[in-house]
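Keep the structure open as you read.

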Amino acid sequence: MAIGKIVKGIGGFYYVDADDVIYECKARGNFRKKKITPLIGDNVEISVNENDGAENRIEKIFERKNSLIRPPLANLDRLFIISSVVDPKINTLIIDKMVAIAEYKHIDPVIVLTKTDLDSDYQHFVDIYENAGFKAIVCDNISGKGADEVRSLLSGKISAFCGNTGVGKSTLLNRIFPELSLETGETSKKLGRGKHTTRHCELFKVDGGYIADTPGFSSLDIERCEKIYKDDLPYCFREFEPHIDGCKFNTNCSHINDKGCKVVEAVNNGEISKSRHESYVTMFNEVKDIKEWQKR
């Protein structure tokens, strides 16, 4: 028996990193009966069969601290949310949705602003997220500024990079890890992946941790697949939490325009960013009419 981590899955086979040895494994049949699908990032116990032609098997999947549907990843520690300040222009609503989902899933979000060499008017965006309690890193695509800071946060962690087309995710990853050889459009030469081939997630061991190579992993993917319901949403905006208990009608306050709402008061006082609150209101309105039975 050995303990390891699933780093890749293709065609019903799972590749498990156990003490720097990669084992090709099949999952036990009872996982399928229980409707449990092994995910990349799962910590597992495997039985190693040393006979020629015999299969190694995943015997046990340890409890996950989190998981995503698309990309199908488990036990993420950090989500790097990549956004360019121009071309395409920064969209704080998209960033805030990704941050909220990361918070909901107990994943540490890190905001990375790229293409700052093309526009110097970005400090107010940095201030928005740093004042809300998040790490925000500024990257210059020409000088490489910020790349080392991103790399320093990878050690000992499982990390994924999320960003829409054109925000400079590949450029950043190539600067940090030239061996990945990521092309425009997130095609990885190392994996032999082209535009029309099957795409799969894979974890690469780097700096004592792992990064998820997730071609095409965009903000839209995660937004479509992960939902936060209205009762949970306020707690996914960490700067709201010191004020929530002070609301006059605590249990029923929507934190939008309610009388006696301490969150709204904090927005008006400048303690909470208006753009962050506007994103919250948009997200709240998207889910406010979902009924309890529709959540299942």
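What follows looks at a strand and its partners, then at a few loops. Bear in mind that this is a predicted model.

Start with strand β11, residues 158-162, where five of the five residues are buried. In a regular strand, side chains alternate between the two faces of the sheet. For β11, I158, A160 and C162 sit on one side, S159 and F161 on the other, and all of them are buried, so both faces are covered under the 20% cut-off for relative accessible area.

β11 pairs with strand β8 (residues 78-84) in the parallel sense, over four bridges.

On to the loops. Most residues other than glycine have a negative phi, and most peptide bonds are trans. Two prolines here follow cis bonds. R70 and P71 are joined by one, with omega about 0 degrees, and P71 lies in the loop between β6 and β7. The bond from D87 to P88 is cis as well, with omega near 0 degrees; P88 lies in the loop between β8 and α2.

What about positive phi? N75, in the loop between β7 and β8, has a phi near 65 degrees, and H106, in the loop between α2 and β9, has one near 60 degrees. Are these two residues buried or exposed? N75 is buried, at 7% relative accessible area, whereas H106 is exposed, at 65%.

Technical notes:
Residues numbered from 1 in each chain as written. Predicted model: local features only at pLDDT ≥ 70, side-chain atom pairs only at ≥ 80, totals over all residues. Heavy atoms only, no water. Buried < 20%, exposed > 50% of the residue type's maximum accessible area, 1.4 Å probe, protein only. Helix = DSSP H or I, 4+ residues; strand = E, 2+ residues; numbered from the N terminus. Pairing = 2+ DSSP bridges.
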